[in-house]
Amino acid sequence: MNRSPARPQGGAPKRKTGPATRSPGPTRKSPTGSVVRRTKEDYATVSAYVGLGANLGDAAATVLGAMKTLGQLPKTLVTARSSLYRSAPVDATGPDYINAVVALRTGLDAEQLLAALQRLESEAGRERPFPNAPRTLDLDLLMFANTVRNTPELTLPHPRMRDRAFVIKPLAEIAPDKVPAAALARVSKQVIERIR
């Protein structure tokens, strides 16, 4: 079951606006009583981890750009990002991949975040002509809080993450508490190079 933390204390209730008026955006009262715009930190959030990869075009620039774009999603902050890693394709052919992992705090639910990731992939020109085809951008939702789910649309945690060095090593870099020693040992023979 996905449980989001309760709204932080002190947040103002939602204001109703009439049909002829538009709210300038989410707001709250400051300690002095004035109305200020709410920031992303004001929303109840959960932790999430996203794996990034690309092996077409300028893959490193694409992954770095996607890291920045993830932080621009609604109610979402990037709280940590790994180095970039290079690895050969797994169960596929084509150029080497550039991979990374980012940690997020997000007020989106898992399905909303997944939809946002898929939209960013499409905007980057991602095509799926066949399984494991080369990619302009691949964004995988690895973990979403402590959610465990197995549906046709979404499996959490990601079902193959613990078998892939290009996920486990960057994840261990930014969230060592999420990576058991056994998981690192399982991928120790997979060739992966930290590049920056």
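1. Strands count as paired if DSSP finds at least two bridges between them. Helices (H or I, at least four residues) and strands (E, at least two) are DSSP runs, numbered from the N terminus.

2. A word on the source: this is a predicted model, in which local features need pLDDT of at least 70 and side-chain atom pairs count only at pLDDT 80 or more, while totals for chains, interfaces and linings use all residues. Residues are numbered from 1 along each chain as its sequence is written, and side-chain values use heavy atoms, with hydrogens and water left out.

3. S3 and S6 run antiparallel and pair over 9 bridges, with Ala54 opposite Ile98 in S6. S5 is joined to S6 by 3 bridges, also in the antiparallel sense, and here Tyr85 has Asn99 as its bridge partner. S6 is mostly covered, with 9 of its 10 residues buried. Buried means under 20% relative accessible area, exposed over 50%, and partly exposed in between (1.4 Å probe, protein chains only).

4. Now look inside. The largest nonpolar core has 30 residues, and those touching the most other members are Val50, Leu52, Val63, Leu70, Leu113, Leu139 and Leu141. Two or more residues each come from S3 (46-54), helix H1 (59-70), S6 (97-106), helix H2 (110-123) and S7 (138-144). A second, separate core of 18 residues includes Tyr49, Leu142, Phe166 and Leu171. A nonpolar core is a set of buried Ala, Val, Leu, Ile, Met, Phe, Trp, Tyr and Cys residues joined through side-chain atoms within 4.5 Å. In soluble globular proteins, nonpolar side chains tend to be buried together.

5. Two residues are worth a click. Leu113 touches, among others, Ala48, Leu104, Leu141 and Phe144, leaving aside residues up to four places away in sequence; contact means heavy atoms within 4.5 Å. Met67 lies in H1 and is buried, with a relative accessible area of 3%. Its contacts, counted with the same exclusion, include Leu52, Val78, Leu84, Ala100 and Val102. The C-alpha atoms of Met67 and Leu52 are 8.2 Å apart, although 15 residues separate them along the chain.

6. Helix H3 (165-174) supplies at least two residues of the lining of the largest pocket, as do S3, S6, H2 and S7. H3 is itself mostly covered, with 7 of its 10 residues buried, including Phe166, Ile168 and Leu171. The closest lining residues to the pocket centre are Asp138, Asp140, His158, Arg160 and Arg164. The lining divides into 17 nonpolar, 10 polar and 11 charged residues.

7. Finally, some backbone details to check. Most residues other than glycine have a negative phi, and most peptide bonds are trans. The bond from Leu156 to Pro157 is cis, with omega near -10°, and Pro157 sits in the loop between S9 (155-156) and H3. Lys75, not a glycine, has a positive phi of about 55°; this residue is in the loop between H1 and S4 and is partly exposed at 35% relative accessibility. Ala145 also has a positive phi, about 50°, and lies in the loop between S7 and S8 (149-150).

Conventions:
On a 1 Å grid over the protein atoms alone, a cavity is a set of points where a 1.4 Å probe fits but cannot get out, and a pocket is an open set with protein on both sides within 12 Å along at least five of seven lines; lining residues have an atom within 4 Å of a point. Ala, Val, Leu, Ile, Met, Phe, Trp, Tyr, Cys and Pro count as nonpolar, Asp, Glu, Lys and Arg as charged, and the others, Gly among them, as polar.
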